Structures are given as structure tokens and as C-alpha cells.
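I set out to record what I looked up in this structure, entry by entry.

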Amino acid sequence: MPVLGLGTYEGADKGVALRSVRDALEVGYRLIDTAQYYGNEQYIGQALKDSGVAREEIFLTSKIWFNRFEACYEAVLESLRTLQVDYLDLILLHWPFGNTYKAYRDLERLLEEGKVRSIGVSNFHADRLIDIARYNKVVPAVNQIETNLLCQQRQCHEWMERLGVRHEGYAPFGQGLADDIYTDPCMQAIAEEHGKSTRQVALRFLIQQGVTVIPKSARRERMEQNIDVFDFQLTEEEMQRLAAFDRRVPLTCDPAEPGAAWSSDQWKG
């Protein structure tokens, strides 16, 4: 799995989705992340089909919403049809709610049948991750959780390393809820030292810790900036300074407090 890809949350508009994926592939992205809940699988699939990039060169991820966990096997087959692909490189259980055990066994079956190349989870805290890893045949390949400078997920990261689970971070910029840190003098000083933007520094910080990142953008110029983070290295002292930004609290959706984080429409279905 590439260490940097394109997130497509809030990309349900057909034109935006088609253009975003086309631009991302042209810029050099090869990891595309989507989900049934995003409502854009059809457009993502069309964009991939029209791109001219060979399917085997693209790492395609989707996620199953928890209201489909009782029939997760069928839900994944539905995603395959909607995306117009024969297999998924990675399929995730989107949230740790509902019948996760039944759903994960369905993912294991799909893995055995070759319909998916790897399976994992999303938004699982360390305790739930340990449980699902220890009481199933296949350890999750990935746990996709909110990860950014203000919510660095250090404890969960340590457990993922112990369990052999890849840490994939969504909302690496905080989805607009952490914009003040990008004008922080400390961030600006580090960015100036390397001739980069503060957002590029934020991505580099996560990548150097072994976190795969999937920043979301519909703007080609921003995609180009986001992927241009492999020609510099943060020093240990800079890493420590950036680690001090951690507030240890998710900015977006916290599975431990779903009522406070989610709007009512997200529970529909």
C-alpha cells in the first residue's frame, strides 16, 4: 500500500469526484480511498476506468458502513459492482458498531475467495483492535483512524505496531478544525528550514512515523503539494517539537462518544 493517497470523503458530486480522481492519478497518486457511505463509488469506479492507468497499478480501498454488517458479504459484492472492479485491494469495516464479528468473518471469506486482497478496520480504538485481531483467523492489515498533529494516536499506534497492523491516518489536516496550527511560529520555522509549506511538514511528520496518510483535496495544485513530501527529512529535534502539538482528542468523529460527534442523519439506514 502506498504511504500517501487520495481521500474522497465529501466527494459525492459526480463532477468533483471524476475530476479529483483523474487529477490525482495524473499527478502520481496510486492509492484511492472511498467508502459506501461517501456515495461516490460509482464515480470513483468510472474515473479509474477512464484513466487509462492499469488496474494493478492502483491500490483501491473501500469501507462498509455498520448498518450493512449483518450482510457484509453481499455489501462488498455490491461495492465491487458499483466500482466496476473485480477485486478490492483493501476493504474495511467503517466503524466498531453493530455485529463486527459477523462482518469480519464475511471479510475473511471474501479474502479466501480472492475478491479482496486485504481486510481491515477503521475507527477502532486499541481495545477493540486487540479483540478483533486475537479472535479471528486474519489480523487486520490496516486500522484507518483520524490522525493529525492535534490527534496523533500514539497509544493506538503502539498497539498497531505490536499487532502488525498498518496505521492509516485520515483527516491528516484536521478537516478544517486545526487551521490555526499552520500559522504557528514553530510550524512556520520548521517549514522555512526545509523550503516547504506547514501542511507538507504535517504530512511528513506522520509519514516518518510509519503512518500512511490520505489527505482529501479536490484541487490539483493542492494534490501536487501534498505528494511533494519525499525530498526532505525532519530532524529528531523537529519531530519532538511537532509531537508537542498533540492534544490526544479526535477533532472529527470519536467512536467512544458517537452521540456527541455525529449528526442524526449519519445514523440513518
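**Entry 1. Cavity**

I took a cavity to be a set of points, on a 1 Å grid over the protein atoms alone, where a 1.4 Å probe fits but cannot get out; lining residues have an atom within 4 Å of a point. Grid points are joined across faces, edges and corners, and a volume is the space filled by probe spheres set on the points. I noted that the model is predicted, that local features need pLDDT of at least 70 and side-chain atom pairs pLDDT 80 or more, while totals for chains, interfaces and linings use all residues. Residues are numbered from 1 along each chain as its sequence is written, and side-chain values use heavy atoms, with hydrogens and water left out.

I found 1 cavity of 30 Å³ or more. The volume of the largest cavity is about 70 Å³. Its lining consists of Asn-123, Phe-124, His-125, Ile-145, Glu-146, Gln-153, Cys-156, Tyr-170, Pro-250, Cys-253 and Pro-255. I sorted residues into nonpolar (Ala, Val, Leu, Ile, Met, Phe, Trp, Tyr, Cys and Pro), charged (Asp, Glu, Lys and Arg) and polar (the others, Gly among them). By these classes the lining of the largest cavity has 7 nonpolar, 3 polar and 1 charged.

**Entry 2. Pockets**

I used the pocket rule next: an open set with protein on both sides within 12 Å along at least five of seven lines. The largest pocket has about 570 Å³ of volume. I counted 36 residues in its lining, and Tyr-9, Tyr-170, Ala-171, Gln-175 and Lys-216 are those nearest its centre. The classes there are 15 nonpolar, 13 polar and 8 charged.

The second largest pocket holds about 240 Å³. I listed its lining as His-125, Ala-126, Cys-151, Gln-152, Gln-153, Arg-154, Gln-155, Cys-156, Asp-246, Arg-248, Pro-250 and Asp-254. Its classes come to 4 nonpolar, 4 polar and 4 charged. Helices (H or I, at least four residues) and strands (E, at least two) are DSSP runs numbered from the N terminus. Of these elements, α6 contributes the most to this lining, with 3 residues.

Gln-153 sits in the loop between β6 (142–146) and α6. Its phi is positive, about 55 degrees, although the residue is not a glycine. I called a residue buried under 20% relative accessible area, exposed over 50%, and partly exposed in between (1.4 Å probe, protein chains only). Is Gln-153 buried or exposed? Gln-153 is buried, at 16% relative accessibility. With contact taken as heavy atoms within 4.5 Å, and leaving out residues up to four places away in sequence, Gln-153 touches Ile-145, Glu-146, Thr-147 and His-167.

Arg-248 also has a positive phi, near 65 degrees, and is a residue other than glycine. Arg-248 lies in the loop between α10 and α11 (258–261). At 61% relative accessibility, Arg-248 is exposed.

**Entry 3. Helix faces**

Which residues of α10 (residues 236–243) are buried? I found Glu-238, Met-239, Leu-242 and Ala-243. An α-helix has 3.6 residues a turn, so residues three or four places apart point the same way. The buried residues of α10 pack against α6 (154–163), α7 (185–194) and α8 (198–208).

In α7 I recorded Cys-186, Met-187, Ile-190 and Ala-191 as buried. These fall within an arc of 130 degrees, so they line one face of α7. Pro-185, Glu-192 and Glu-193 are exposed on the face turned away from that buried side. The cover over the buried residues of α7 includes α8 and α10.

**Entry 4. Aromatic rings**

I paired rings of Phe, Tyr and Trp (its six-membered ring) if their centres lie within 6.5 Å; planes under 30 degrees apart count as stacked, over 60 as edge-to-face and the rest as tilted. The structure has 6 aromatic pairs. Trp-95 is buried at 4% relative accessible area, and Phe-97 is buried at 16%. One aromatic cluster is formed by Tyr-37, Trp-65, Phe-66, Trp-95 and Phe-97.

Methods
Arc of directions from axis to C-beta.
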